[in-house]
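Below is a short report on one predicted model.

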Amino acid sequence: MDDQAETVLMRIIRGSGLDGLKAMDYKNGPIIRPIMDFKKSQILKFLDYNKIDYHIDYTNLQRDYTRNKIRLDIIPQIEKINPNFKKSLVNLSEVSKNDYEILKDIEDEIFEKILVKKVKTN
């Protein structure tokens with residue numbers, strides 16, 4: 001969930017459209033993200049409780065990368081105003097995904113009608 005929220009905020013900052021606000025999907029080709037609905041803190045708590053070793057990349061704590069600045073500086077400040085900010089970003093992503101699919105279907109339908117009219121007139 002944290003990665004999804006960071007991705008949405010990064011895309012907002014970069015000026016993304018509706019397609020970009022969809023952010024990451026649960027499945028994208030061979031990539032499957034089965035734990036995308038869980039916060040990092042929940043995952044770490046589970047791993048600790050079950051004594052499962054894990055590795056935290058030290059570069060995640062460096063502010064050299066845009067994502068890390070967002071993770072370490074921007075989101076914590078916004079969460080002082082809205083503690084559910086990450087969930088709000090994830091919700092925005094889900095709404096954007098649904099809206100995008102609806103608009104894509106409408107676009108495909110209109111394109112098909114235009115294509116048929118074009119073929120008939122030739």
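## Helix α1

In α1, the buried residues are Asp2, Gln4, Ala5, Glu6, Thr7, Val8, Leu9 and Met10. Buried means under 20% relative accessible area, exposed over 50%, partly exposed in between (1.4 Å probe, protein chains only). Helices (H or I, at least four residues) and strands (E, at least two) are DSSP runs, numbered from the N terminus.

The 13 residues of α1 should span 18 Å at 1.5 Å a residue, and the end C-alpha atoms are 18 Å apart, which agrees. The expected span is 1.5 Å times one less than the number of residues. Gly15 follows α1 and has a positive phi, near 85°.

## Basis

This is a predicted model: local features need pLDDT of at least 70, side-chain atom pairs count only at pLDDT 80 or more, and totals for chains, interfaces and linings use all residues. Residues are numbered from 1 along each chain as its sequence is written, and side-chain values use heavy atoms, leaving out hydrogens and water.

## Nonpolar core

The largest nonpolar core has 12 residues, including Met1, Ala23, Ile70, Phe85 and Val90. Such a core is a set of buried Ala, Val, Leu, Ile, Met, Phe, Trp, Tyr and Cys residues joined through side-chain atoms within 4.5 Å. Two or more residues each come from α1 (2-14), α4 (66-81) and α5 (85-121). The largest share, 4 residues, comes from α1.

## Positive phi

Most residues other than glycine have a negative phi. Ala23 has a positive phi of about 60°. Ala23 counts as buried, at 15% relative accessibility. Lys51 also has a positive phi, of about 55°. Lys51 counts as exposed, at 75% relative accessibility.
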